[in-house]
Amino acid sequence: MLQYVGMSNFLSDFFFPRYCNICGKKGDYLCNLCKKLFKRNLPECYTCRRLSSDFNSHSSCKSKKSLDRIFVCWEYNRNTSNILKKLKYKYVTDTSETLFTFFLELLTISCFKKHLKGTLLIPVPLSNNRFRERGFNQSELLARYISKNLNIDIDNDLIFRSIDSKHQASKNKDERKYINSDSFKLIGKRNLNHYKSITIVDDVITTGSTLEAIASCIRGRYPDITIQGLCMFRGRAKYSFS
Ligand SMILES: [Zn+2]
Ligand SMILES: [Zn+2]
């Protein structure tokens, strides 16, 4: 059997060779050298972007709509934005899996992992129009991957996105402000009191306003619930020690 699997891998590599999505080198969808281009984000408070233990939001930075903490894996820069664009606009399963595996590897060794115990994963939904246009939701795929590998509950039908906004990356700060809790509706019947926390999953965050809009919407029914976020990318922070 092992021999058969080995032979089948050999044949698939022979007929369908893999190339690194960044440098084009033969071997894998993301080679080890290019993995190093993914710069890790340090644990920070997502609001003020100063360093903070366990990725916690500082109590002085929190408001009613704030998330309690957000794990952001990598810096969003030219290299990572290229690979993300490829995934967003042309879904490539193998590349996507490679990126998710890399994400999970880092999440698993991070201090954030302990906060995932007893949580419920909620992917940031796309509007129906956007979903039809793209055919998939990158955040949902990531959430499903985490759910499957870490055995965590997921609910993809809890939040409905009612407003079809422009692509987040192409918006300016004023436009982003208009994403508010009215853009989302809590429609699922699941009782969230059974969970220790809710974890919203997104691929890239900018100001955090989308996650905060979802958090406000959930807190409308569950005012005291712990809400946190898992995210692949965010633009560079200017770190300082708090
Ligand atoms: Zn490479
Ligand atoms: Zn802060």
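This is a predicted model: local features need pLDDT of at least 70, side-chain atom pairs count only at pLDDT 80 or more; totals for chains, interfaces and linings use all residues.
Biologist: How do you know where confidence is lowest and where it is highest in the chain?

Modeller: We go by pLDDT, the predictor's confidence in each residue, from 0 to 100. The chain has a mean of 84, with 81% of its residues at 70 or more. The lowest confidence sits in helix α7 (residues 173-177), at a mean of 49, and the highest in strand β2 (residues 119-123), at 98.

Biologist: Why is strand β7 called largely enclosed?

Modeller: Start with the cut-offs: a residue is buried if 20 or more other C-beta atoms lie within 10 Å of its own, exposed if 12 or fewer, and partly exposed in between, with C-beta atoms placed from the backbone. Eight of the nine residues of β7 (residues 227-235) are buried, so the rest of the structure largely encloses that strand. Across the chain, buried residues make up 30% of the 242 residues.

Biologist: Why are R49 and D54 called partly exposed?

Modeller: R49 has 19 C-beta neighbours inside 10 Å, so it counts as partly exposed. D54 has 13, so it gets that label too. R49 is in the loop between α2 (32-35) and β1, and D54 is found in the loop between α2 and β1 as well. Each has a positive phi without being a glycine: near 65° for R49 and about 60° for D54.

Biologist: How do you know which strands pair?

Modeller: Two strands pair if DSSP finds at least two bridges between them. Strands β2 and β3 have two, in the parallel sense, with L120 opposite D153 in β3. Five parallel bridges link β2 with β6, where L121 stands opposite T199. Strand β6 (residues 197-205) pairs with β7 over seven parallel bridges, I200 facing G229 and V201 having L230 as its bridge partner. Strand β1 (residues 69-76) is joined to β7 by seven bridges, again parallel, and V72 has C231 as its bridge partner.

Biologist: What makes the sheet open, and which are the edge strands?

Modeller: Five strands form an open sheet in the order β1-β7-β6-β2-β3, with parallel pairing. The edge strands are β1 and β3 (153-154), each pairing on one side only.

Biologist: Why is the β6, α8, β7 unit called right-handed?

Modeller: The test is to view the strands pointing away from you: a crossover is right-handed if the path from the first strand over the helix to the second runs clockwise. β6, helix α8 (residues 209-219) and β7 make a right-handed β-α-β unit.

Biologist: What does α8 lie across, and is it enclosed or exposed?

Modeller: Helix α8 lies across β6 and β7 at about 160° to β6; axes are lines fitted to C-alpha atoms, for helices over the stretch in contact, with angles from 0 to 180 degrees between N-to-C directions. Eight of its 11 residues are buried, so α8 is largely enclosed by the rest of the structure. The buried residues of α8, among them L211 and I218, pack against β4 (159-161), β5 (184-186), β6 and β7. Helix α6 (residues 138-150) lies across β2, β3, β6 and β7, at about 130° to β6.

Biologist: What share of contacts joins residues at least 24 apart?

Modeller: A contact means two C-beta atoms, placed from the backbone, within 7 Å. Among contacts between residues at least 6 apart in sequence, 69% join residues at least 24 apart.

Notes
Residues are numbered from 1 along each chain as its sequence is written. Chains are lettered from A and ligands numbered from 1 in the order in which they are written. Helices (H or I, at least four residues) and strands (E, at least two) are DSSP runs, numbered from the N terminus.
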